[in-house]
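Please open the model in a viewer and keep the selection tool at hand.

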Amino acid sequence: MIPAEAFAKHGPDCSDVEYWVIVSQTCNLYNISFERVPVFELIGARAIAQCDAGKMKGDNPRILHVEAQSPDALISLELDIQTRRWLPRVLLAKIPAPDFAVLDAMPGQDADWLKKQWQDNLAGWLARSYTRVALPDEFNTALADSRIKDVLETKLAKRKDELYGIYMSLDSDSQEPWEGRLGEMPPPFLLEITLVAHEGADPEELAKSLTKQLFDDKVTDPTNKNNKISRAELGAHHGIKIIRAGISAKTVSEITLQELKTLIRYSLVDHLSDSSQAADA
Amino acid sequence: MLELALPGGASIGMIGTASSMPFQFRQAEVRSFDFSPTLSDQLAKFRALWGSDTATQSSSASHGVVLYVDDQRIVVEPETASQEAGDTAVTAQPVLLRDRLDEIKNRFSLSITQMAELFGVTRKAVYDWYEGAEPRSLTTSRIEVLLDVAEQLPNGVDLRRLKTVWNIPVSGRSFRSVFCDDSLDTENLRSALLAKLHELLPRMAATTSPAHKASVVLGEGHLSEFDRRADIT
């Protein structure tokens, strides 16, 4: 992590942020050839009072909270993926050595070391900015309107320490199978949800809880305020069919690589915006 | 004579002679059970009456007789068997397809996607079955054969691991290819699946011990971040 002012004397104006976090791979930073590897990458960051638990794991595609440490201090940072630079690598020889770095806590370092894998979270968050799955706009809208999204993002979020991930399987609920791009699949949809739990968590209880929230708990029917229906029923009205048998949960040791490869990780989808938000040409 | 009474008081008929039967029998399968000798005798006569078309094999299941009558699945339970004037009445209740599907799902720890893969159908087909659509008769047979075969495996076999090996072509054919072979009748399918499972049993045994989280540094790496299709082709 480098203070923006460190570049003030040497390079282009980088004062639009407080700090810059270097995210290039070490082998590139140390490469002997400035012709082969002329630049390095930075992401802009600002200091914050403390990290928000909802922004630490990388579920937000644009903002990440991490801690950076020096031998004597800790600083909490908010990184913005929209603020990036590629600067000449020769600049690294002209600025002071950084005091702070984004690192992973080591096993046993403290009781919460697993929750402090800051560098790993940063790398995963960056990688996911290129791998995020585009889902159909109609599905994203229906997921929100049916309140199923509330369950996935709010109720399940309370159990995030038990969950490795929330995964989905999406298919077309029409007689003709859809063979185009997933993001262009028209409604109606078939939805399956698989919860993958850490070892030590009870997957059956997680599945039972999610099933109750989707099929047994009632919400107000927007078309008839006097009526209460389940989120699954509301989903059906909006073109998402989900059934009790479509909810499952397994631990990380029970699920297979083969199965994971067929699923979409919920946090990997760009469900925060849809194509209707595209600017006019 | 044997009368099978359906819930609600309706009866599916008195079994006298074949020509007097008011309905078409499609398939019946007798499972072993702890019936009274009298009822067993009655059912033996019932089997004899209908001959080989009624697929009268015994298995180790203990939940009575499973019958298919006019496309309705019926289980004959022995608990309420009574004897009245030489007749034996038993209570029959429909077995819902969704219950059989759930049994497969739970015993083999399958998602709907994996069930679709196993049966060689679309996910939509499985969803439709759960919502009451009737599968092909071959599929219905496969459901029962699969559950029957599962009963016949030795204790301690982890059926949840079948999905990890069902595509491996051991001795030239995988479990799935045998399971989806339309040319096999019920009996041959059952035999073939049992033989295939016995071939796969050593591969289905767990080979790794559970991970001990405290001693392993775990990242939050996700498959799609390092297992791109371009990397493996």
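Is B:D181 buried or exposed? The model is a predicted one, and in it B:D181 is buried, because its relative accessible area is 16%, under the 20% cut-off. Select its partner next: B:D181 forms a salt bridge with B:R173, with 3.2 Å between the closest N and O atoms. B:R173, at 33% relative accessibility, counts as partly exposed.

**The core of chain B**

Select B:I104, B:F108, B:L118, B:F119, B:L162, B:F175 and B:L193. These residues have the most contacts inside the largest nonpolar core, which has 39 residues. At least two residues of this core come from each of the following helices of chain B: α2 (97-108), α3 (112-119), α4 (123-130), α5 (137-152), α6 (162-165), α7 (175-179) and α8 (186-204). The largest share, seven residues, is supplied by α8(B).

Now centre the view on B:L193. Leaving aside residues up to four places away in sequence, B:L193 touches B:V145, B:V149, B:F175, B:V178 and B:F179.

**Helix α3 of chain B**

Return to chain B and select α3(B). How many of the eight residues of α3(B) are buried? Seven of them are, so the helix is largely enclosed by the rest of the structure. The buried residues in α3(B) are B:I112, B:T113, B:Q114, B:M115, B:A116, B:L118 and B:F119. Two of these, B:L118 and B:F119, were also in the core selection above, among the residues with the most contacts there.

**Chain A as a whole**

Select the whole of chain A. Its secondary structure consists of seven helices and 12 strands. Of its 281 residues, 48% are buried. The accessible surface of chain A is about 14,500 Å², and carbon and sulfur atoms account for 50% of that area. Among contacts in chain A with a separation of 6 or more, 69% join residues 24 or more positions apart.

Over all chains, the whole structure holds 26 salt bridges. Select A:R85 and A:D16, whose side chains form one of them, at 3.0 Å from N to O. Why does this pair tie together parts that are 69 residues apart in sequence? A:R85 lies in strand β5 (residues 74-88) of chain A, while A:D16 lies in the loop between β1 (2-3) and β2 (19-22) of chain A, so the bridge connects these two parts. A:R85 is partly exposed, with a relative accessible area of 24%, and A:D16 is partly exposed at 48%.

Next, select B:E131 and A:K241, whose side chains meet in a salt bridge at 2.7 Å, N to O. This pair crosses between chains: B:E131 is in the loop between α4 and α5 of chain B, and A:K241 is in strand β10 (residues 240-241) of chain A. B:E131 counts as partly exposed at 46% relative accessibility, whereas A:K241 counts as buried at 17%.

How values were computed
Residues are numbered from 1 along each chain as its sequence is written. Chains are lettered from A and ligands numbered from 1 in the order in which they are written. This is a predicted model: local features need pLDDT of at least 70, side-chain atom pairs count only at pLDDT 80 or more; totals for chains, interfaces and linings use all residues. Side-chain values use heavy atoms; hydrogens and water are left out. A nonpolar core is a set of buried Ala, Val, Leu, Ile, Met, Phe, Trp, Tyr and Cys residues joined through side-chain atoms within 4.5 Å. Buried means under 20% relative accessible area, exposed over 50%, partly exposed in between (1.4 Å probe, protein chains only). Helices (H or I, at least four residues) and strands (E, at least two) are DSSP runs, numbered from the N terminus. Contact means heavy atoms within 4.5 Å. Accessible areas come from the Shrake-Rupley method with a 1.4 Å probe; for residues, only the protein chains shown count as cover. A salt bridge is a side-chain nitrogen of Lys or Arg within 4 Å of a carboxyl oxygen of Asp or Glu.
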